[in-house]
Every structure is written in C-alpha cells, then in structure tokens.
Amino acid sequence: MVSLSKTLCPYCGVGCGLEVLPPAQPGKPVARDSEGNPVWQARGDRDHPSSKGMVCVKGATIGESLSKSRLKHPMLRDSLDEPFRRVSWDEALDRVAERIQAAHSTFGPDAICMYGSGQLQTEDYYIAQKLLKGCLGTNNFDANSRLCMSSAVAGYIQSFGSDGPPCCYDDLERTDCAFLIGTNTAECHPIVFNRLRKHHKRTRKVKLIVVDPRRTPTAEAADLHLAIEPGTDIDLLNGIAHLLLRWGFIDPVFVDECTRGFEKFAEVISHYPPERVARTCGLRIDDVVQAARYWARAERVLSLWSMGMNQSSEGTAKVRTLINLHLMTGDIGKPGAGPFSLTGQPNAMGGREAGGLAHILPGYRLVKNPQHRAEVERGWGLPPGSISPIPGRPAWDMITGLETGEVQVFWVAATNPAVSMPDIERTKSALRRSPFTVYQDAYYPTETADYAHVLLPAAQWSEKTGAMTNSERVVTLCPTFRQPPGEARPDWEIMVEVGRRLGFTEQFDLANSAAVYAEFVALTRDRLCDCTGLSHARLAAEGPIQWPCPKGMTAAENQQSKRLYEDLRFKTGDGRAQFAAFHSRGLAEPTDSGYPLVLTTGRLYGHWHTQTRTGRIDKILKLHPEPELEIHPRDAADWGIEDKTWVEAQSRRGAARFRAKVTRAIAPGTVFVPMHWGALWAEQSEANALTHPESCPASLQPELKACAVCVVPAGAE
Ligand code: SF4
C-alpha cells in the first residue's frame with residue numbers, strides 16, 4: 001500500500017524535505033537491510049521550500065539505518081565491570097530518579113548534568129530545559145551544539161543583540177558574491193551548495209570566494225580559492241575590510257544610523273594592509289586584493305560559514321569579524337546579502353529556540369538576565385528564584401566535572417561523546433570515573449554505551465512526532481510513521497516520567513508532544529524567534545513554516561518576512577548593531593619542532609558524525625570505507641610517507657593511525673583527517689585522540705579544528 005509521509009531529513013542543518021514510503025509497495029519486492037529488516041524508501045519532497053525535491057546520499061539512504069542495531073529495552077548495571085541486565089521501564093526510571101534525588105540532596109543541583117544533541121526534536125529539548133533548569137534548579141544542560149555552533153550563537157548575540165541567522169536560502173539565488181569561509185559546503189551541506197552552484201553557473205557575474213586551507217570540492221568550484229594558513233581567518237577578514245575602507249566601499253549612512261563602534265574597528269583594520277595580510281595568511285597579495293575587489297563590486301554579498309570558523313579558540317571573534325564586513329558595507333537585511341551560519345545538525349536551531357545550551361533559556365532568553373528568568377519561571381509555574389542565575393557547565397566542563405567528582409549524575413541523550421569530545425582518552429577516563437551515567441539513545445552498541453550504568457531506549461525520528469528547525473529558520477513537523485522497536489519511547493516522554501517521579505506532577509502533566517510544543521511556543525511570545533503562530537496542527541496542515549511567525553500571521557504574510565533585520569533595527573538596547581575590533585591570537589596550540597604540522601579535522605560527504613547511523617548503511621560504507629589522512633607531497637617526502645601506506649599521527653595527547661592520501665589538495669604544513677571514526681568502527685583511528693579542549697572564552701567552543709601533530713610511517717619511532 002502506498003502511504004506517503006512528508007517529513008524532514010534528520011541528518012544535517014540544511015533540513016531537506018523528505019517523502020518516505022513504507023517498505024511494501026504494490027508490484028515491488030520489499031527491500032531488506034543486512035539484518036533482514038524491511039527498509040523504508042526516502043526521496044526528496046518537491047514541495048519543501050528549503051530543498052525543492054533535492055536530497056543527498058544521506059537523506060536518500062536514511063531508511064536503511066532505521067532498524068539495525070537498535071536499543072530495544074531498558075538495561076541496568078551497578079558498575080561498569082558488570083554486564084547489563086534487562087529491566088522494566090519502571091525499574092530503570094526509578095533508579096534514575098533515585099540517583100538524581102540522592103545527588104541533589106547530598107551535593108546540590110549542580111551535581112546533575114544532561115548532555116543532549118541537535119538530533120533531539122524541539123519538544124525533547126524543551127522538556128529537558130524544564131526538568132533541569134526549572135525543576136532541578138541547575139543550568140547544567142548543554143548539547144553537542146556547543147562543539148558545533150556556539151561561536152555563531154555568541155557572535156550573533158554580541159553583534160546583533162540576539163541569536164538567529166538573519167538570512168534565508170532564497171538569498172543563495174539572489175546574491176552577487178558568495179563568500180564561503182570555514183565551510184566545505186559541497187560535502188557537508190550539499191543541497192545548500194547545489195542551490196548556490198546552480199545560481200553561480202547560471203549567472204556568470206556572480207562570484208564565489210572560498211576560504212579554506214584545503215582544496216575541497218567547494219573550493220574547486222570557486223572563482224577564487226584562498227588557501228589560508230589555519231588560524232589566520234581574522235587577519236584575512238581585517239585585510240579585506242582594510243581595502244574596502246581604503247577604496248571607500250562602505251555604506252556611511254548604514255554605519256552612521258544603524259551601528260556602533262566603527263571608529264575603533266577602523267583603527268584596528270588600519271594595521272592590515274594587503275602585504276601584511278598576504279604574509280600572515282600564506283597568500284599572494286593579488287589574491288587578497290581580488291577577494292576585496294569581488295566584495296567591493298558586488299551589490300549584495302552573502303557570507304556562509306560553519307565549523308572552520310566556529311571550532312576555534314577565537315571562534316566568536318572570527319564570527320564577529322566576518323559580521324563587521326556586512327556592517328561596514330550595509331550588506332544585511334536585504335535579499336542576497338548577510339552573514340549566514342550553516343548549522344551542523346537537523347535541529348540545533350530548534351534546540352537554541354528551546355534554550356538548549358547551558359547559558360540560555362527558551363525563547364532566545366539568557367540565564368543571566370533576571371527578567372528572562374522570571375518570565376520563564378512564570379511560564380513553568382515555578383516560584384521566583386527557581387532558575388539559577390549562573391550559567392551551567394558547557395560540554396567540556398561536564399567532562400572535567402566528572403574528573404573532579406563535582407558531577408555525580410551524567411545523563412547523555414542522542415549523542416556519542418566517547419567519540420566526539422576533544423582529547424578522547426581524557427574524556428574516556430573521565431567517563432570511567434562517573435558515579436552514575438544514564439545513556440538514552442536509539443542505537444546499541446555505541447562507544448558511549450560502554451560507560452553507562454543505565455541504558456534507556458529512545459524512539460528516534462520517524463517513531464515520534466516533533467518539530468525541527470533548519471538553518472534558515474524553517475520549522476517542519478516530523479510525524480510518526482513507524483512503530484518504535486521493542487519498548488523504545490520518545491525522549492521527551494522519558495524525561496517527563498523522571499520529572500513526575502521527582503514530584504513535579506503539575507509541570508509534567510502533558511498529554512502528548514503537541515501539548516509540549518504548545519507550551520514551548522507560548523514562551524516565545526514577542527521574542528525574535530516568535531513561534532506563537534505555530535502548532536503541530538498548523539504545521540501538519542500547511543507544511544513547513546519559517547519563524548518568526550507570531551500568532552495571527554497568515555502564510556502569505558509569513559512569505560513576506562523571510563529575513564531578519566529588514567527594518568535595520570537590531571535587538572540591542574539602542575537598536576544598533578555593534579562592530580567588533582579584534583586582532584588574531586592565532587592557534588591555541590602552535591606548531592613547533594616536535595609537532596611541526598597543523599592537523600585539521602572535518603566531515604566527509606557520506607558519513608554523519610560518529611557513524612551511529614551511516615556506519616550501518618552499506619552504500620555509504622562503500623563510499624568511505626576507511627579514514628584517510630591527507631598530506632601534501634612535500635610533507636610526505638619530508639617524513640618518508642608514501643601514498644596509501646599506514647601512518648601514525650601523534651599529538652601531545654595521543655596517537656591515531658590512518659591510511660595516507662598524498663595530495664596537493666591540502667596546503668603544505670597542514671594535514672587533514674575525518675572526524676567520523678570511533679573505536680567501534682576503526683580502532684586507533686580516532687581523530688579526537690589528537691585534538692585538545694582549549695576553547696573560545698566567549699562561546700566556550702573547543703578548537704576541534706586545529707592542533708599540532710607530527711606524522712610518521714606507522715610502526716616508525
Ligand atoms: Fe539530509 Fe543534509 Fe543531505 Fe539535505 S543535505 S538530504 S538535510 S543530509
């Protein structure tokens with residue numbers, strides 16, 4: 001029987017619309033995965049406004065990942081030395097509630113942490129905030145978005161007064177110049193890149209600039225590829241600003257009426273003539289000048305970025321320095337222009353709206369703001385003072401809290417920190433010391449499950465109903481169209497059960513996910529991310545809708561408000577955007593004679609994060625069977641490394657083995673490895689065995705993109 005469900009791809013933040021068909025279709029044999037489970041078929045949804053029917057290999061093969069290696073029943077053990085035993089939901093939930101209660105009484109609320117994920121739906125995120133920040137009184141909820149987008153969040157807040165990407169995907173087709181920095185969009189956000197690439201090919205005057213130390217498929221398509229040395233982004237951006245100011249290509253009216261801080265910024269960029277910038281960044285002077293010329297000649301410049309900017313110990317400064325360029329040229333709040341962060345995960349945006357980081361609250365509110373706390377306490381029916389004014393532990397601090405014993409309960413939901421955290425041996429050692437770890441996930445085994453005391457089986461995408469928001473603020477309802485396996489339950493429902501056991505029956509008297517969503521949107525009233533016009537019923541009836549969508553806004557009106565800040569009023573106290581003035585501090589761990597190469601990490605086209613899904617899809621495994629280390633021929637010759645042989649990369653924290661790929665696509669002095677392989681998939685090939693946790697002081701995002709290494713033939717001293 002043909003029964004088609006429209007939903008959203010649950011992989012990356014592009015947020016493509018999918019149509020999913022059940023395995024049994026008239027006249028067709030039922031496809032089965034390698035475990036014999038029937039496979040649901042997915043294809044692009046032509047009606048989805050973000051993707052218009054396009055889909056990449058991950059979205060197209062999602063059906064194959066849904067049934068394999070699923071965690072189906074709650075499991076418990078008293079210590080990590082014991083095997084798990086199957087228990088009832090009641091026994092598992094009682095144990096979690098007891099341990100939370102005990103930690104709360106003995107050590108205080110901040111001994112409890114939850115670490116979530118951009119894979120969670122908005123309803124899951126929202127309930128987690130209510131449980132941790134409201135009922136338990138700790139802001140110790142953080143998500144893996146901390147490793148991904150928190151520098152963009154901090155940059156937007158500091159420059160514009162609020163989080164929220166100002167642009168939309170239609171801008172990809174309306175820009176005169178796309179400036180891509182720290183993003184391999186062609187592989188990591190393929191459908192965004194398809195839209196941009198078509199526009200670039202169709203309209204010859206459109207320029208595409210790509211800034212990346214690697215010659216990626218994205219860089220291959222560029223008019224100008226600037227292969228900067230890692231860590232020199234701020235120098236380049238200040239250098240472009242220097243030339244724009246020198247040539248008079250600024251928007252003085254916008255600068256005068258809509259911004260603050262231009263004088264200090266102008267003083268800083270006066271120190272960045274192209275000769276100095278070229279020398280620092282390892283570029284030709286002509287290329288620096290050409291980048292500025294492209295920017296100057298374009299009426300509308302759209303800049304796109306992702307982890308290459310964010311995953312840095314000066315990530316927020318980089319983001320703000322990029323935003324400076326838009327402020328000085330007035331390239332914001334109009335079609336085809338603006339700074340546009342490309343979110344990594346499918347619902348990291350929804351997580352931010354629901355308050356899913358340790359320093360924020362639902363509705364783009366801040367933990368430190370007393371008025372914001374009071375508004376949320378009222379919304380949650382909690383007494384004044386219930387929410388702590390102190391931001392909670394960011395992701396890495398949860399790991400250090402386990403080391404010191406300050407964290408007594410560590411609850412992980414829908415993420416795999418035993419692969420994705422920096423300095424992975426230190427992370428694993430901290431996880432081994434955890435007095436009580438709850439692991440709530442759809443899959444088993446995973447690397448993190450090895451460190452858990454309780455396993456809670458979660459229903460995943462397709463088995464629960466909830467909303468997700470993509471990078472352009474479009475909210476899509478993802479409906480239930482399959483039964484969860486075994487006893488798996490939606491994440492929000494599991495957290496509600498724990499909340500009720502802790503005595504918060506009134507706060508968690510919620511019948512279904514539509515009721516949870518209704519409560520969440522009420523807390524966005526009059527905020528930048530106003531979603532009060534949205535409900536599960538409306539999203540089901542009308543399809544995806546972009547926020548802001550206040551109550552009463554019609555679909556036609558919604559179509560007319562695709563960009564933020566079109567009125568050129570920002571969310572700062574005086575409505576003006578704030579220039580930043582930064583000099584670069586460079587990499588947190590510079591190279592030296594012992595570790596002479598910069599290692600950078602990233603994603604591959606087919607794989608997703610730690611492979612909990614894509615590692616179970618045959619087609620993707622064939623596409624990327626093993627992790628490779630890219631090294632320039634000159635460095636390979638210096639270190640006696642031959643193409644396709646095994647090498648060992650060593651940093652101050654550990655070592656990992658990869659197959660060498662000798663290529664001119666990487667600049668001399670830099671090597672690249674993918675971040676997807678954990679111990680389950682390729683023992684001793686974990687990129688994060690090498691990385692360090694030094695973080696941006698403003699966003700607290702670790703510098704996963706760069707560390708100092710040496711590379712030697714495997715087995716060599
Ligand atoms: Fe899914 Fe991202 Fe691919 Fe779109 S581009 S199909 S959202 S993985």
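Predicted model: local features only at pLDDT ≥ 70, side-chain atom pairs only at ≥ 80, totals over all residues.
Which residue in E2 is the bridge partner of Thr7? The legends below start with that pair.

Figure 1. The bridge partner of Thr7 in E2 is Leu18. This pair belongs to the join between strand E1, residues 5–8, and strand E2, residues 17–21. The two strands run antiparallel and are held by four bridges. Strand E2 also pairs with E3, again in the antiparallel sense and over four bridges. Strands of a sheet pair through backbone hydrogen bonds, and the pairing can be parallel or antiparallel.

**Figure 2. Close-up of Arg43.** Arg43 lies in strand E3, which covers residues 41–44. Is Arg43 buried, partly exposed or exposed? Arg43 has 15 C-beta neighbours inside 10 Å, so Arg43 counts as partly exposed. A residue needs 20 or more such neighbours to be buried, and 12 or fewer to be exposed. Leaving aside residues up to four places away in sequence, Arg43 touches Glu19 and Val55. Val496 is 453 residues from Arg43 in sequence, and their C-alpha atoms are 34 Å apart in space.

**Figure 3. Residues around the ligand.** There are 14 residues around the ligand. Which of them come nearest? They are Cys9, Cys12, Cys16, Cys56 and Gly59. Helix H1 (57–60) supplies at least two residues of the shell, and so does helix H6 (190–202). Sorted by class, the shell has nine nonpolar, four polar and one charged residues.

**Figure 4. The open sheet of seven strands.** The order of the strands is E5-E4-E18-E17-E16-E6-E7, and the pairing is mixed. Which strands are at the edges? Strand E5 (85–86) and strand E7 (141–143) are the edge strands, since each of them pairs on one side only. Strand E4, residues 75–76, is joined to strand E18, residues 454–457, by two bridges. E4 and E18 run antiparallel, and Met75 stands opposite Leu455 in E18.

**Figure 5. Strand E16 and its two partners.** Strand E16 consists of residues 409–413. Why is E16 described as largely enclosed by the rest of the structure? Five of its five residues are buried, and that is the reason for the description. In a regular strand the side chains alternate between the two faces of the sheet. In E16, Val409, Trp411 and Ala413 point one way, while Phe410 and Val412 point the other way. The residues of both groups are buried. Strand E6 (residues 112–116) is joined to E16 by four bridges, and the two run parallel. Within this pairing, Tyr115 has Val412 of E16 as its bridge partner. Strand E17 (residues 437–441) also pairs with E16 in the parallel sense, over four bridges. Here Trp411 has Val438 of E17 as its bridge partner.

**Figure 6. Helix H19 and its cover.** Helix H19 covers residues 424–432. Which residues of H19 are buried? They are Ile424, Arg426, Thr427, Lys428, Ala430 and Leu431. Among the elements that cover these buried residues are helix H17 (395–404), helix H18 (417–420) and strand E17.

**Figure 7. The contact between domain 1 and domain 2.** The domain assignment gives domain 1 as 106–148 + 347–556, domain 2 as 165–341 and domain 3 as 597–713. The C-alpha centres of domain 1 and domain 2 are 33 Å apart. How many residues does each of these two domains bring to the contact? Domain 1 brings four residues and domain 2 brings five residues. On the side of domain 1 that touches domain 2, one residue is nonpolar, one is polar and two are charged.

**Figure 8. The whole protein, for orientation.** The protein has 25 helices and 28 strands. Its C-alpha trace spans about 70 × 65 × 65 Å along the principal axes. A compact globule with 717 residues would have a radius of gyration near 27 Å, and the 24 Å of the protein agrees with this. Of the 717 residues, 58% are buried. Among contacts between residues at least 6 apart in sequence, 74% join residues at least 24 apart.

Terms used. Residues numbered from 1 in each chain as written. Domains from an automatic or database assignment. Contact = placed C-beta atoms within 7 Å. Nonpolar A, V, L, I, M, F, W, Y, C, P; charged D, E, K, R; others polar. Pairing = 2+ DSSP bridges. Rg over C-alpha atoms; globule rule 2.2 N^0.38 Å. Near = placed C-beta within 6 Å.
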